[in-house]
Structures are given as structure tokens and as C-alpha cells.
Amino acid sequence: MMRAVVRHGRLDPAAELATLTGESKEAGGVVSFVGLAREEDGAVAELILEHHPVLTERSLEEIATAALERFGVNAVSVVHRAGRIMPGEPIVFAGAAARHRREAFLAADYLMDMLKTRAAFWKREDGPAGPRWIEPRDEDHSDAARWRTENGRNIGR
């Protein structure tokens with residue numbers, strides 16, 4: 001099972017986890033991650049995530065499918081918000097269900113690294129100092145790059 005959704009409005013991580021778990025009867029473990037909008041010590045009043053309806057959903061589907069195939073997990077779920085997000089609100093749910101825990105952990109980690117660098121979103125923070133566009137950090141690109149090589153050879157997307 002592969003699920004990739006762009007969500008406008010509230011994201012309920014508990015409901016997303018229940019859906020993933022419910023559709024993963026053969027799994028021995030489920031790993032999930034929930035990303036939250038940060039306040040950054042009062043510097044961020046809201047986060048705006050702009051997207052393209054087709055390109056963004058396609059990018060999420062490609063990331064989720066790659067995790068499903070690469071790690072041989074039973075199920076993968078990615079639900080990412082778009083629009084206005086207030087500090088403390090969930091932005092993203094990424095989860096993987098697998099027969100064994102290691103694959104689930106790896107798939108969830110991979111999902112987040114790819115979402116940070118490859119998902120087609122345009123992020124802007126609005127706060128007292130005005131708007132500021134957000135790009136992936138060098139650390140985000142380094143995290144994503146570790147999935148491309150293993151012992152010097154290319155191992156995938």
C-alpha cells in the first residue's frame with residue numbers, strides 16, 4: 001500500500017497512523033514521523049506552503065513509491081499539508097509499515113530526507129520581520145545524499 005496526499009487544512013497524525021496500521025496487517029512494526037511548524041522564538045507567525053496540484057502530488061508519489069520499493073516495506077504513507085500553517089501545527093506525516101522494524105525505520109528516515117529536498121513545495125515564513133522564503137539547508141542535502149551511495153556505488157533515487 002502506498003499513500004501520498006497533499007492536505008489542505010488540519011492534519012491529524014493519530015488518524016493517519018491508525019490508517020497506516022489498519023492497512024498493514026502483515027507488518028511487524030510501524031514507524032512514523034510527524035513534522036511540526038516551528039515558532040523560531042517568535043520570529044514566525046505562520047508558515048505558508050505553496051504547491052502545484054499536479055507536480056507536488058506527483059513528487060510525493062515518487063518519493064513514497066521509491067521508499068516502498070527500495071526497502072521492501074508493506075506500506076508507506078505520506079501526508080503533507082499545503083496552505084497556511086500556524087506554529088505548533090503538524091505539517092507532515094510520514095510512516096512506513098514493515099515485517100521487521102529495521103526496514104520501517106529506514107523507509108521513514110528516507111521519506112523525510114527526500115521530502116525535505118525533493119517535494120515540490122515553496123515554503124515561506126511570515127513574521128514580525130516580514131516574509132522569508134525557505135530553501136533546504138546544506139544539512140538537508142547531505143542527509144539526502146547519503147541514500148545515493150553505499151560503498152562508493154550509486155544505490156538509487
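In which strand does His-80 lie? His-80 lies in strand E4, which covers residues 75-85.

## Basis of the model

The structure is a predicted model, in which local features need pLDDT of at least 70 and side-chain atom pairs count only at pLDDT 80 or more, while totals for chains, interfaces and linings use all residues. Residues are numbered from 1 along each chain as its sequence is written, and side-chain values use heavy atoms, with hydrogens and water left out.

## Overall architecture

The protein chain has four helices and nine strands. Both kinds of element are DSSP runs numbered from the N terminus, with helices (H or I) of at least four residues and strands (E) of at least two. Read from the N terminus, the order of elements is β-α-β-β-α-β-β-α-β-β-α-β-β. The radius of gyration of the protein chain is 16 Å, close to the 15 Å that the globule rule gives for 157 residues, so the chain is as compact as a globular protein of that length. This radius is taken over C-alpha atoms, and the globule rule is 2.2 Å times the number of residues to the power 0.38.

Along the principal axes, the C-alpha atoms of the protein chain fill a box of roughly 50 × 40 × 30 Å. Of the 157 residues, 38% are buried; buried means under 20% relative accessible area, exposed means over 50%, and partly exposed lies in between, for a 1.4 Å probe and protein chains only. Among contacts (heavy atoms within 4.5 Å) between residues at least 6 apart in sequence, 76% join residues at least 24 apart.

## Packing of the helices

Helix H2 (residues 53-71) packs with helix H3 (residues 101-118) at an angle of about 155°, and their axes are 9 Å apart. Axes are lines fitted to C-alpha atoms, for helices over the stretch in contact, and angles run from 0 to 180 degrees between N-to-C directions. H2 and H3 are therefore roughly antiparallel to each other. Angles over 145 degrees count as roughly antiparallel, under 35 as roughly parallel, 65 to 115 as roughly perpendicular, and the rest as oblique. The crossing of H2 and H3 is right-handed; a crossing has this hand if the near helix is turned clockwise from the far one by less than a right angle, and is left-handed if anticlockwise. By class, the contact of H2 with H3 has twelve nonpolar, one polar and three charged residues. Here Ala, Val, Leu, Ile, Met, Phe, Trp, Tyr, Cys and Pro count as nonpolar, Asp, Glu, Lys and Arg as charged, and the others, Gly among them, as polar.

The axes of H3 and helix H4 (residues 138-145) come within 9 Å and cross at roughly 130°. That angle makes H3 oblique to H4, and the crossing of these two helices is left-handed. Asp-113, Met-114, Lys-116 and Thr-117 in H3 meet Asp-140, His-141, Asp-143 and Ala-144 in H4. These residues divide into two nonpolar, two polar and four charged.

His-80 counts as buried because its relative accessibility is 4%. Not counting residues up to four places away in sequence, His-80 touches Val-5, Val-6, Arg-7, Leu-49, Leu-60, Ile-91, Val-92 and Phe-121. Leu-60 is one of the H2 residues that meet H3.

Ser-77 also has its place in strand E4. With a relative accessibility of 1%, Ser-77 counts as buried. Beyond its neighbours within four places in sequence, Ser-77 is in contact with Arg-3, Leu-20, Phe-93, Ala-94, Gly-95 and Leu-111. Leu-111 belongs to the H3 residues that meet H2.

Val-44 is found in the loop between strand E2 (29-36) and strand E3 (46-51). Its relative accessibility of 5% is why Val-44 counts as buried. The contacts of Val-44, leaving out residues up to four places away in sequence, are Arg-38, Glu-39, Pro-87, Glu-125, Asp-126 and Gly-127.

Pro-128, in the loop between strand E6 (121-127) and E7, counts as exposed at 73% relative accessibility. Apart from neighbours within four places in sequence, Pro-128 is in contact with Gly-42 and Ala-43. Trp-133 has its place in strand E7 (residues 130-134) and, at 48% relative accessibility, counts as partly exposed. With residues up to four places away in sequence not counted, Trp-133 touches Glu-50, Trp-122, Lys-123 and Arg-124.
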